[in-house]
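Student: I would like to work through this model with you, one question at a time. Could you let each answer end on the name or value that I ask for?

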Amino acid sequence: MPNTVPPLFTPEDLEKKVTEVAGTSLVDYGFHAGVDPRRPALVREFAGAGVASVKAFLTGHHTAPHFLRGPDALRDFFAHVEGTGLLALFHAECAEVFALLDGWRGEPDSWRDYERHRPRTAAIVAVSRLIDLCRDTGTPIHVLHVSTREEADLLTAAGAAGLPATFEVTGHHLTFTADDTAALGARIRLSPAIRERADQDRLWDAVRYGHARTVGSDHAPHEHADKLRPPAQAPPGLPGVQELLAALFTGLRLRDPGADPGELLRPVTRLLGAAPAALFGLGHRKGRIEVGLDADLVLFDAEPTWSLAEADIRSKCGWSAYQGRAFVGRVTTTLRRGEVVYQRTPETTVFGTPSGEWIRPRPAPHPTTSM
Ligand SMILES: [Zn+2]
């Protein structure tokens with residue numbers, strides 16, 4: 001990723017990451033490449049070189065300083081990706097729109113003003129540019145962490161028109177609204193910002209009706225002390241891996257309390273399993289229960305109501321914006337390639353060995369029809 005330290009801009013960077021991460025993960029994993037805005041042609045070196053996707057930022061901040069500046073740089077990036085077989089991923093907020101509005105109104109000085117100063121306009125303009133380029137070049141795009149109803153509509157319409165354009169929503173945008181900002185402040189400062197209730201309702205529709213291709217964690221485990229700095233200096237982003245499955249299932253149940261829990265788990269397994277595995281070139285090993293594929297399984301009890309306590313948090317950062325929220329349904333056991341790597345009983349929680357492996361992707365054609 002471009003906003004990890006060090007960033008992943010070349011196949012040599014990838015080799016270093018693979019070595020660095022070996023022996024630290026319970027689950028198998030892959031990597032996204034980043035775009036070095038000073039040397040965007042480097043993305044071509046990733047063709048067939050162990051990543052399926054490359055993420056470009058269209059705006060930046062101090063934990064993500066590497067972004068494509070302006071429409072020309074974006075068009076140039078599309079030209080470099082073309083023909084590589086890599087899937088182009090986007091943090092789609094337009095830096096020029098932020099600069100224009102900040103120049104007029106000034107930088108945010110309180111959390112309450114945060115959404116107003118990182119407005120939806122920048123996301124909508126960015127997505128509109130991306131759809132134009134997707135149409136002009138035929139290059140597949142996957143827009144990450146869609147936060148507004150307008151983006152969801154534009155991208156759903158683009159997919160329906162046959163363009164290779166898909167999108168992700170995150171557990172954070174599905175869980176929190178701008179109303180939570182007063183209580184949670186810096187904890188839910190996110191880029192793109194947490195939006196209004198009507199946006200959240202549209203994102204849930206995108207999940208329930210199959211418009212969104214994937215649901216992601218957008219896991220960004222910043223230190224809590226850093227999050228408490230003044231709004232203009234605090235890093236956006238929050239941890240979200242551990243919370244994702246419970247947050248998604250809980251939201252689906254709240255919206256459809258009479259539904260059979262087994263039926264509600266169908267979109268969950270698609271959005272968190274089959275679809276991302278296919279999109280990111282891991283479908284030959286992951287994402288489905290099938291003879292010949294890896295036995296990566298989660299045993300999920302759909303009934304218990306519980307809340308995340310500080311003692312439960314596994315992320316190194318040690319905090320979660322979801323602390324104290326009520327969840328319905330909980331993972332009891334996780335298997336990776338047939339081996340138990342997580343098991344929880346009322347008395348104890350046991351973890352396996354961190355022998356997860358890097359999986360080399362096999363790029364597959366970008367799926368445009370709904371799954
Ligand atoms: Zn992003």
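Student: Which residue stands opposite phenylalanine 57 in S3?

Tutor: The model is a predicted one, in which local features need pLDDT of at least 70 and side-chain atom pairs count only at pLDDT 80 or more, whereas totals for chains, interfaces and linings use all residues. Residues are numbered from 1 along each chain as its sequence is written. Helices (H or I, at least four residues) and strands (E, at least two) are DSSP runs, numbered from the N terminus, and two strands pair if DSSP finds at least two bridges between them. Strand S2 (residues 53–57) and S3 pair in the parallel sense over five bridges, and the residue opposite phenylalanine 57 in S3 is histidine 91.

Student: On its other pairing, with S4, which residue stands opposite phenylalanine 90?

Tutor: S3 and S4 run parallel and are joined by three bridges. In S4, the residue that stands opposite phenylalanine 90 is valine 143.

Student: Why is S3 described as largely enclosed by the rest of the structure?

Tutor: A residue counts as buried if 20 or more other C-beta atoms lie within 10 Å of its own, as exposed if 12 or fewer do, and as partly exposed in between, with C-beta atoms placed from the backbone. Leu87, Leu89 and His91 point one way from S3, while Ala88 and Phe90 point the other way, and all are buried. S3 is therefore largely enclosed by the rest of the structure, the number of its five residues that are buried being five.

Student: Which strands stand at the edges of the sheet, each with a single partner strand?

Tutor: Six strands form an open sheet with parallel pairing, in the order S1-S2-S3-S4-S5-S6. Each edge strand has a single partner, so one side of each is left without a neighbour in the sheet, and these edge strands are S1 (33–34) and S6 (214–216).

Student: What angle does the direction of H5 make with that of S4?

Tutor: H5 packs on the sheet, where it touches S3, S4 and S5, a contact being two residues whose C-beta atoms, placed from the backbone, lie within 7 Å. Axes are lines fitted to C-alpha atoms, for helices over the stretch in contact, and angles run from 0 to 180 degrees between N-to-C directions. On that basis the direction of H5 makes with that of S4 an angle of about 165°.

Student: Which residue with a positive phi follows H5?

Tutor: Helix H5 (residues 120–137) has 18 residues, and its buried residues, among them Ile124, Val127, Leu130 and Ile131, pack against elements including helix H3 (95–105) and helix H6 (149–160). After H5 comes a residue whose phi is positive, near 75°, namely glycine 138.

Student: How far apart are the axes of H11 and H12?

Tutor: Leu245, Leu248, Phe249, Leu252 and Arg253 in H11 meet Leu264, Val268 and Leu272 in H12. Helix H11 (residues 241–255) and helix H12 (residues 261–279) pack at an angle of about 145°, and the distance between their axes is 10 Å.

Student: Is threonine 305 buried or exposed?

Tutor: Threonine 305 lies in strand S7 and touches Ala326 and Val328, not counting residues up to four places away in sequence. Threonine 305 and valine 328 are 23 residues apart in sequence, yet 4.5 Å apart in space, C-alpha to C-alpha. Because threonine 305 has 10 other C-beta atoms within 10 Å, threonine 305 is exposed.

How values were computed
The expected span of a helix is 1.5 Å times one less than its number of residues.
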